[in-house]
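Student: I would like to go through the labels used for this structure and see what each one rests on. Please show it first.

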There are 2 protein chains.
Amino acid sequence: MIDTEKLFAGEPRSIARAISSVESGAAGAAELMKVVFPKTGRAMIVGITGSPGAGKSSLVDKLALLYKDRGEKVGIVCVDPSSPFSGGAILGDRIRMATIGLDKNVFIRSMATRGNMGGLSRATVDAVAILDAAGFDKVIVETVGVGQDEVEIVKTADVSVVVLVPGMGDDIQAIKAGIMEIGDVFVINKADREGALRTQKELESLLSLAHRPDFWDPPIVKTVATESKGIEDLSKAIESYNDFQKQGDASLTRKHAIARWRLLGLLQERLLAEVLNKNGTNERLNKLSLEIAKKIKDPYTAVAEILKSE
Amino acid sequence: MIDTEKLFAGEPRSIARAISSVESGAAGAAELMKVVFPKTGRAMIVGITGSPGAGKSSLVDKLALLYKDRGEKVGIVCVDPSSPFSGGAILGDRIRMATIGLDKNVFIRSMATRGNMGGLSRATVDAVAILDAAGFDKVIVETVGVGQDEVEIVKTADVSVVVLVPGMGDDIQAIKAGIMEIGDVFVINKADREGALRTQKELESLLSLAHRPDFWDPPIVKTVATESKGIEDLSKAIESYNDFQKQGDASLTRKHAIARWRLLGLLQERLLAEVLNKNGTNERLNKLSLEIAKKIKDPYTAVAEILKSE
């Protein structure tokens with residue numbers, strides 16, 4: 001049982017337990033989130049995405065340090081699809097805590113995937129809500145990679161930051177306009193590298209083609225995270241969009257869309273769990289999937305069989 | 001209605017229609033896949049992943065060209081989470097078809113995501129099965145990014161190729177051991193760039209730490225895709241793993257795990273669709289998500305309400 005009084009007072013151990021509970025989908029998780037939810041809405045949620053090698057971790061760490069130096073409480077939630085294989089996440093967290101300085105005002109947590117169908121997005125959004133309710137002023141959600149789930153997670157933030165590095169513009173894939181439309185703020189990190197200006201020009205011309213429904217003109221910030229350069233500018237750019245999005249109806253429209261996405265994800269997870277929790281389902285799934293592997297049965301017929309017996 | 005006779009004869013228009021059908025989750029898609037499934041298992045499925053900017057598209061195009069020149073039929077399925085925003089996928093397909101040369105022996109298709117909860121993975125795996133059944137000798141599945149879904153998709157291939165580029169090794173994220181365990185074959189593309197040797201050394205030391213249950217020692221291939229260098233070596237490395245994995249029990253264990261994952265994904269998609277297809281559910285979801293956005297209700301309570309009325 002999680003002590004919600006301690007949780008709302010920001011006690012690190014209670015926070016860690018609460019996040020583990022939503023991550024594992026433990027029995028009490030739904031009850032916990034019902035209590036957590038009304039306490040949310042105070043923190044500013046910053047989503048940061050970009051491809052591996054863009055230097056996101058350094059950037060996030062430096063941004064967190066800046067917030068911390070201002071006397072704010074900062075939570076960091078990292079989503080890394082590769083972590084379940086290797087325990088790499090835990091190691092990473094330790095390295096990063098040493099960088100930022102471990103105290104009550106900073107909380108870092110990597111989310112493990114455990115291969116749970118779609119559950120990662122829900123658990124991540126829940127973890128952010130927990131930190132929000134626990135009194136953190138800023139919550140940074142960092143996603144490694146630009147996968148579908150990762151994009152959805154970043155879209156739930158108040159401000160989404162897309163991190164690029166010089167020299168990636170030469171690949172058609174990297175300059176897909178889609179990624180552009182996710183970013184409220186763009187960062188060209190490692191901006192001391194060759195090609196930074198070219199990347200900026202390309203980005204500017206791509207952004208001039210994009211049509212945002214809210215008419216926001218996303219700023220481009222140049223940083224060298226390893227040398228702490230440009231972090232102040234980044235924080236200003238983030239705040240400027242946060243102020244902007246709070247005005248007008250766009251904010252509620254966005255929140256409505258996010259709520260719908262969360263609701264569908266949670267519903268889907270629950271529906272599957274209901275089926276899987278029935279006695280014998282696991283054995284049946286094993287049997288059916290073996291038949292599929294041996295090409296005795298096709299997946300669609302197998303699913304129809306499971307559904308018919310519901 | 002899709003003409004399965006034409007589909008199995010490899011007629012491009014029927015293939016395109018069949019893939020659109022599974023992509024949109026059209027009514028006939030399940031029936032189609034029941035017919036398609038028994039015809040699969042002949043093609044060699046190659047999954048290729050890596051981060052944006054690694055030059056995957058060029059590499060895939062050159063590999064496809066090599067197979068084509070050998071007189072084989074090649075299908076390419078691309079998964080790009082950013083495409084729905086911008087129609088970038090269609091543009092990309094056109095550029096690539098011009099490169100490889102459009103004829104009956106090459107088929108390229110980008111999968112759109114449309115924000116459908118988890119449906120992309122299922123649709124992609126179905127598209128691969130369709131190309132397999134349509135008589136393609138090689139099917140290359142290319143995923144942009146390294147998200148959770150993308151990793152799962154690549155794992156369904158017979159051979160998984162992870163593409164790296166020099167100079168990414170300086171980031172903790174890029175060298176997460178997890179990504180390493182996905183790859184049956186590794187490619188260092190843009191190998192004429194500075195740092196290629198360092199990346200190779202780092203990769204070798206990471207691979208020496210990894211413990212594969214099948215004792216396979218993943219080869220590292222250096223390529224310069226834009227200059228068609230190393231593509232022959234890559235094809236040999238892919239074939240060597242394909243030959244290897246066909247021996248022994250590992251193949252069935254792997255196929256069993258893939259089948260289970262497919263079955264769960266399909267089941268989840270169907271369960272949600274059953275709920276959503278009921279009259280009034282859509283309006284109700286809109287109402288509930290607006291209440292969540294306004295913090296009148298929490299998502300868990302909302303889902304419990306929907307489930308109770310089932």
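Student: What makes K6(A) partly exposed?

Tutor: K6(A) has 16 other C-beta atoms within 10 Å. A residue is buried if 20 or more other C-beta atoms lie within 10 Å of its own, exposed if 12 or fewer, and partly exposed in between, with C-beta atoms placed from the backbone. The count of 16 is therefore in the partly exposed range. Note that this is a predicted model, in which local features need pLDDT of at least 70, side-chain atom pairs count only at pLDDT 80 or more, and totals for chains, interfaces and linings use all residues. Residues are numbered from 1 along each chain as its sequence is written, while chains are lettered from A and ligands numbered from 1 in the order in which they are written.

Student: Where is K6(A) found, and which residues does K6(A) touch, not counting those up to four places away in sequence?

Tutor: K6(A) is in helix α1 (residues 4-8) of chain A; helices (H or I, at least four residues) and strands (E, at least two) are DSSP runs, numbered from the N terminus. With residues up to four places away in sequence left out, K6(A) touches E11(A) and S14(A), where contact requires C-beta atoms, placed from the backbone, to lie within 7 Å.

Student: Why are α2(A) and α6(A) called roughly antiparallel?

Tutor: The axes of helix α2 (residues 12-24) of chain A and helix α6 (residues 119-133) of chain A cross at roughly 160° and come within 9 Å. Axes are lines fitted to C-alpha atoms, for helices over the stretch in contact, and angles run from 0 to 180 degrees between N-to-C directions. Angles under 35 degrees count as roughly parallel, over 145 as roughly antiparallel, 65 to 115 as roughly perpendicular and the rest as oblique. The angle of roughly 160° is over 145, so α2(A) is roughly antiparallel to α6(A).

Student: Which residues make that contact, and how do they divide by class?

Tutor: I15(A), A18(A), I19(A), V22(A) and E23(A) of α2(A) meet A123(A), D126(A), A127(A), I130(A) and L131(A) of α6(A). The contact has eight nonpolar, no polar and two charged residues. Ala, Val, Leu, Ile, Met, Phe, Trp, Tyr, Cys and Pro count as nonpolar, Asp, Glu, Lys and Arg as charged, and the others, Gly among them, as polar.

Student: What makes α2(B) and α6(B) roughly antiparallel to each other?

Tutor: In chain B, helix α2 (residues 12-24) and helix α6 (residues 119-133) pack at about 160°, their axes 9 Å apart. That angle also puts α2(B) and α6(B) in the roughly antiparallel class.

Student: What is the phi of K295(B), and why does K295(B) count as partly exposed?

Tutor: Phi of K295(B) is near 60°, a positive value in a residue other than glycine. K295(B) has 14 C-beta neighbours inside 10 Å and therefore counts as partly exposed. The place of K295(B) is the loop between α12 (281-293) and α13 (299-308) of chain B.

Notes: Contact = placed C-beta atoms within 7 Å.
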